[in-house]
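User: I'd like to learn how to read the features of a structure like this one. Please take me through them one at a time, with the general idea ahead of each case.

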Amino acid sequence: MDTLLAFYQNIGPALSLLVVVTFILAGTVKGVIGLGLPTVAMGLLGLAMPPAQAAALLIVPSTLTNLWQLAAGRHLLVLLRRLGPTLAAIFVGTLVGSAWLGINSGLWAAHALGAALLVYAAYGLLGPGLRLAPGREGWLGPLCGLLTGLVTAVTGVFVMPAVPYLQSLGLSRDELIQALGLSFTVSTVALALGLAGQDALGSQALGASLLMLAPALLGMLAGQWLRQRISAALFKRCFFIGMAVLGGHLLING
């Protein structure tokens, strides 16, 4: 138990409260729109701690909530066959990026996180609905996977360009949600290995991350309840506006 609490004893009650509230909010966003937990967590925690520390905290909640998401559908084997090269490229890209660049405590990492959030928000608010032409999936999937892995390794955010790519495949709603869960699970596992290789994911960090599973799940349940009572389109627009503000702040101020 001491290992689980050591991280929060070190950072103090105010920052510990911020971490808990962040994961409740991040889980709520994921419950409403099916994604956004690591993006919200990295964006908010990036305001108060180094990106490597924030990324370590999201490993357990992100992995388990994404496993829950991908297990809920009936298309896993089909998606694994179709997306296998893309997922392999995400995994390799993240490990290569972690060894080559990685998330460190320098200001450049916070600026890179801000840029990733801003690009994602701009796509969400302004990006056209893309549809991939037949015949391009074979080479574009691995390329997008590799780029997603590199972005993940540097920022801890694994939505670009994987999310636009998956949305362009013409998948049904259930297939897309399961595909996102599959992609995010691979990204999180690869990020965990990359952080471990940088000595940024020891027993204390894993214990601190494990404690954030309960707030994240609580937020997801609240988000699923909220999804039945609000406009998902309006909520998503507010989410992207919030990510744009966070991203702009981190990009400018670090």
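Analyst: Let's begin with contact, which means heavy atoms within 4.5 Å. Before the cases, a note on the source: this is a predicted model, where local features need pLDDT of at least 70 and side-chain atom pairs count only at pLDDT 80 or more, while totals for chains, interfaces and linings use all residues. Residues are numbered from 1 along each chain as its sequence is written, and side-chain values use heavy atoms, with hydrogens and water left out.

User: Thanks! Which residues is Val 60 in contact with, leaving aside its neighbours within four places in sequence?

Analyst: With those neighbours set aside, Val 60 touches Leu 206, Ser 209 and Leu 210. Val 60 itself sits in helix 4, residues 51–71. Helices (H or I, at least four residues) and strands (E, at least two) are DSSP runs, numbered from the N terminus.

User: Is Val 60 buried or exposed?

Analyst: Relative accessible area decides: buried is under 20%, exposed is over 50%, and partly exposed lies in between (1.4 Å probe, protein chains only). Val 60 has a value of 14%, so it counts as buried.

User: How many helices and strands does the protein chain have?

Analyst: There are 12 helices and zero strands. Read from the N terminus, the elements are α-α-α-α-α-α-α-α-α-α-α-α. Along the principal axes, its C-alpha atoms fill a box of roughly 55 × 45 × 35 Å. Of the 254 residues, 51% are buried. Among contacts between residues at least 6 apart in sequence, 83% join residues at least 24 apart.

User: Which residues touch the most other members of the largest nonpolar core?

Analyst: A nonpolar core is a set of buried Ala, Val, Leu, Ile, Met, Phe, Trp, Tyr and Cys residues joined through side-chain atoms within 4.5 Å. In this model the largest one has 64 residues, and Val 19, Phe 23, Leu 57, Leu 166 and Phe 239 touch the most other members. Helix 9 (residues 173–197) gives the largest share of this core, with nine residues. Beyond its neighbours within four places in sequence, Leu 57 meets Phe 7, Tyr 8, Val 19, Phe 23, Leu 45, Met 49, Ala 208 and Ser 209.

User: Helix 9 also holds Leu 182. What is Leu 182 in contact with, leaving aside its neighbours within four places in sequence?

Analyst: Its partners are Leu 70, Leu 76, Leu 79, Leu 80 and Leu 87. Leu 182 is buried, at 8% relative accessible area.

User: Now the outside. Which residues form a nonpolar patch on the surface?

Analyst: Such a patch is made of residues with over 30% relative accessible area and no salt bridge; nonpolar side chains (Val, Leu, Ile, Met, Phe, Trp, Tyr) are joined within 5 Å, like charges within 9 Å. Areas come from the Shrake-Rupley method with a 1.4 Å probe; for residues, only the protein chains shown count as cover. The patch here is Val 92, Val 96, Trp 100, Leu 101 and Trp 108, with about 520 Å² of accessible area together. Three of its residues, the largest share, come from helix 5 (residues 76–100). Trp 108 belongs to helix 6 (residues 107–126), and its relative accessibility of 37% makes it partly exposed.

User: How many salt bridges does the structure hold?

Analyst: A salt bridge is a side-chain nitrogen of Lys or Arg within 4 Å of a carboxyl oxygen of Asp or Glu. The model holds one: Glu 137 pairs with Arg 82, their closest N and O atoms 2.9 Å apart. The pair links distant parts of the chain, helix 7 for Glu 137 and helix 5 for Arg 82, 55 residues apart. Both ends are partly exposed, Glu 137 at 23% and Arg 82 at 35%.

User: Where is the cis peptide bond?

Analyst: It joins Met 160 and Pro 161, with omega about -5 degrees. Pro 161 lies in the loop between helix 7 and helix 8 (162–167).
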